[in-house]
Amino acid sequence: MIQENLEAVEKIVRASCRRAGRPENDVTLIAVSKTKPLEQVREAYEAGARDFGENKVQDLLDRIEAMPSDIRWHMIGHLQRNKVKYIVGKVAMIHSVDSLRLAEEISRESVKRQVETDILLEVNVAGEESKFGVSVEETAALAEEISKLPAVHVRGLMTIAPFVENAEENRQYFRKLKQLSVDIESKSIDNVNMTVLSMGMTGDYSVAIEEGATYVRVGTGIFGEREPWH
Ligand SMILES: *Cc1c(COP(=O)(O)O)cnc(C)c1O
């Protein structure tokens, strides 16, 4: 089932790229395997998935240990500063940086371990109370501050759009994040680029791609429904 799901999602990703007049390899599909049994993560790997997203540090570590080493692991969940030391050097990218203090910790650990860490700034585009992320207004200033830190590199922006019935309702937020990335790119900040736009989940990745997503994070569409509290 996972293989069929994965192929179906990949097909929609390619079709969305074509619709948007973008090359089909512009978008990386991240398989969000959080809460799912390792067996299913393996199935997705066997079916060809190489980018996986997890939102908890312990799960991430367990899976990195258990799975082949050619996987690019993405930390997509809220990250506490005291847990940074466990994942630096092990993940391809941290998508959820929303404060200077967190970036400083990532920088410190990266220097200590002599690795370079790519990060995205998580933006709360819709301004939802319940969500982590910096506001649209604060993002450029945060990028400038982080740009001065060693061994940490801002590669773009990430957002978790509101949960909506109709994906079209989120188009405005995806467009806003894209515009923000263009604005920040135009500032030509040293050590900051806006190559990555991580936006779009199962319900809305097609719209996100039309609006410029380069990473889409799909869980349910590949692995099926999760328990409702995750
Ligand atoms: C769970 C999660 C996803 C995947 O959500 P689906 O709706 O199941 O595709 C994507 N991004 C983040 C940050 C998540 O926590």
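Student: How far is a nitrogen atom of the ligand from an N or O atom in the side chain of Arg217?
Tutor: This is a predicted model, in which local features need pLDDT of at least 70, side-chain atom pairs count only at pLDDT 80 or more, and totals for chains, interfaces and linings use all residues. Residues are numbered from 1 along each chain as its sequence is written, and side-chain values use heavy atoms, with hydrogens and water left out. A polar contact is a pair of N or O atoms within 3.5 Å; within protein, one must be able to donate a hydrogen and the other to accept it, and residues adjacent in sequence count only if both atoms are side-chain atoms. For the ligand nitrogen and the side chain of Arg217, the distance is 2.8 Å.

Student: How many nonpolar residues are in the shell around the ligand?
Tutor: The residues surrounding the ligand, with a heavy atom within 4 Å of it, include Val32, Lys34, Met158 and Thr220. Ala, Val, Leu, Ile, Met, Phe, Trp, Tyr, Cys and Pro count as nonpolar, Asp, Glu, Lys and Arg as charged, and the others, Gly among them, as polar. The shell has three polar and three charged residues, and the number of nonpolar ones is six.

Student: Is Ser33 buried or exposed?
Tutor: Buried means under 20% relative accessible area, exposed over 50%, and partly exposed in between, with a 1.4 Å probe and protein chains only. Ser33 sits in the loop between β1 (28-32) and α2 (38-46). Because its relative accessibility is 0%, Ser33 counts as buried.

Student: What is the C-alpha to C-alpha distance between Leu177 and Met158?
Tutor: Leu177 lies in helix α7 (residues 171-185), and beyond its neighbours within four places in sequence it is in contact (heavy atoms within 4.5 Å) with several residues, Met158 among them. Leu177 and Met158 are 19 residues apart in sequence, and the distance between their C-alpha atoms is 8.1 Å.

Conventions:
Helix = DSSP H or I, 4+ residues; strand = E, 2+ residues; numbered from the N terminus.
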